[in-house]
Amino acid sequence: VTDRSSLAIGFLDSGVGGLTVLREVAATLPHEHLIYFGDTARMPYGEKSSAEVLRYSVENAKFLMQKHPLKLLVIACNTAAAHSQHQLPLHCPFPVIGVIEAGVESVVRETTGQQIAVLGTRSTIRSGIYEREILKRLPKANVTSIACPLLAPLVEEHFINHEATKLIIREYLAPLKHQKIDTLLLGCTHYPLLRHLIADELNKDIVIVDSAKSCAEKIEILFKNNDLSRFDSKTIGQQTFYVSDDPQRFSLSAKSYLGFAPNIALA
Ligand code: DGL
């Protein structure tokens, strides 16, 4: 009988962005084995149709499952989660957690006045999933969704503290100036790296929810409640990375997320 607790946690993303999620999970559960797939050959997902992103996500999940036995799959990309979070569990004989459900649960906990803003890629915002999931739990909430298609590419280009990025964030957040929001959700994996710039454009008392952090907290609770934590809690877990194109470029970008340039294998 395989001991499920010793199996790996799989992460799916379109590229490097999902490393914000992996980083939080590694900090919260350092003894777990983590295996990550970044679909760099087909990114960005943020501009693609629902059917296309769903097809990629199923293929990527199958790739990870065939590489390693998993005990959990994390959809570490908001755009992938927007289009596949209901279908992927049908393909996986283990739990599947998406960044969207984790982020929504945190927003519901944090909001004081149910005035909520969500930032995401065009494809995520167009799917309407955040409004639907928030309104399911808070039917009276007022949700403002803003598509920010330029932000993920700016992070990919390492324009993290750049004047151009500040201007673009100001432009995207301008509609919020006339609204009294109390909570803002970072609904794209790249945005935690721009959190400080986003915060600069907002009222100090607005709570910013980072779905990467929420996801790590949700996994910690799931593992505790289901005895899924790795028993060998003396050794640090292994981290394995695959991409579908250009491992060198991925390794360099990964440095700004992880603090070190990991070894990457081509899938
Ligand atoms: N990782 C994606 C997300 O969280 C953004 C990057 C992309 O467009 O592929 O929405």
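The model on screen is predicted.

**Stop 1: the aromatic pairs.** Show the rings of Phe, Tyr and Trp. The count of aromatic pairs is five. Select tyrosine 36 and phenylalanine 250. Their ring centres lie 6.0 Å apart and the planes stand at 45°, so this pair is tilted. Colour strand 2 (residues 34-38), which holds tyrosine 36, and helix 11 (residues 247-258), which holds phenylalanine 250. The pair therefore ties together parts that are 214 residues apart in sequence. Tyrosine 36 and phenylalanine 250 are both buried.

Go back to phenylalanine 63 and tyrosine 242. This aromatic pair is edge-to-face, with 5.3 Å from centre to centre and 85° between the planes. Phenylalanine 63 sits in helix 2 (residues 50-67) and tyrosine 242 in strand 9 (residues 239-243), so the pair ties together parts 179 residues apart in sequence.

Ring pairs link Phe241, Tyr36 and Phe250 into a cluster.

**Stop 2: lysine 71.** Select strand 3 (residues 70-75) and pick out lysine 71 within that strand. Is lysine 71 buried or exposed? The relative accessible area of lysine 71 is 0%, so the residue counts as buried.

Which side chain makes a polar contact of 2.6 Å with the side chain of lysine 71? Show glutamate 32: its side chain is the one joined to lysine 71 by that contact. Then show the backbone of serine 5. The serine 5 backbone oxygen is 2.5 Å from a polar atom of the lysine 71 side chain.

Stop 3: Switch to cartoon. Four strands form an open sheet in the order 6-5-7-8, and the pairing is parallel. At the edges are strand 6 (142-147) and strand 8 (207-210), each pairing on one side only. From one strand to the next, the twist averages 20°.

Zoom in on strand 5 (residues 115-120) and strand 6. Six bridges join these two parallel strands. Select valine 118: its bridge partner in strand 6 is serine 145.

**Last stop: helix 10.** Select residues 211-226. Helix 10 lies across strand 7 (183-186) and strand 8, and runs at about 60° to strand 8.

Notes:
Residues are numbered from 1 along each chain as its sequence is written. This is a predicted model: local features need pLDDT of at least 70, side-chain atom pairs count only at pLDDT 80 or more; totals for chains, interfaces and linings use all residues. Side-chain values use heavy atoms; hydrogens and water are left out. Buried means under 20% relative accessible area, exposed over 50%, partly exposed in between (1.4 Å probe, protein chains only). A polar contact is a pair of N or O atoms within 3.5 Å; within protein, one must be able to donate a hydrogen and the other to accept it, and residues adjacent in sequence count only if both atoms are side-chain atoms. Rings of Phe, Tyr and Trp (its six-membered ring) pair if their centres lie within 6.5 Å; planes under 30 degrees apart count as stacked, over 60 as edge-to-face and the rest as tilted. Two strands pair if DSSP finds at least two bridges between them. Axes are lines fitted to C-alpha atoms, for helices over the stretch in contact, and angles run from 0 to 180 degrees between N-to-C directions. Contact means heavy atoms within 4.5 Å.
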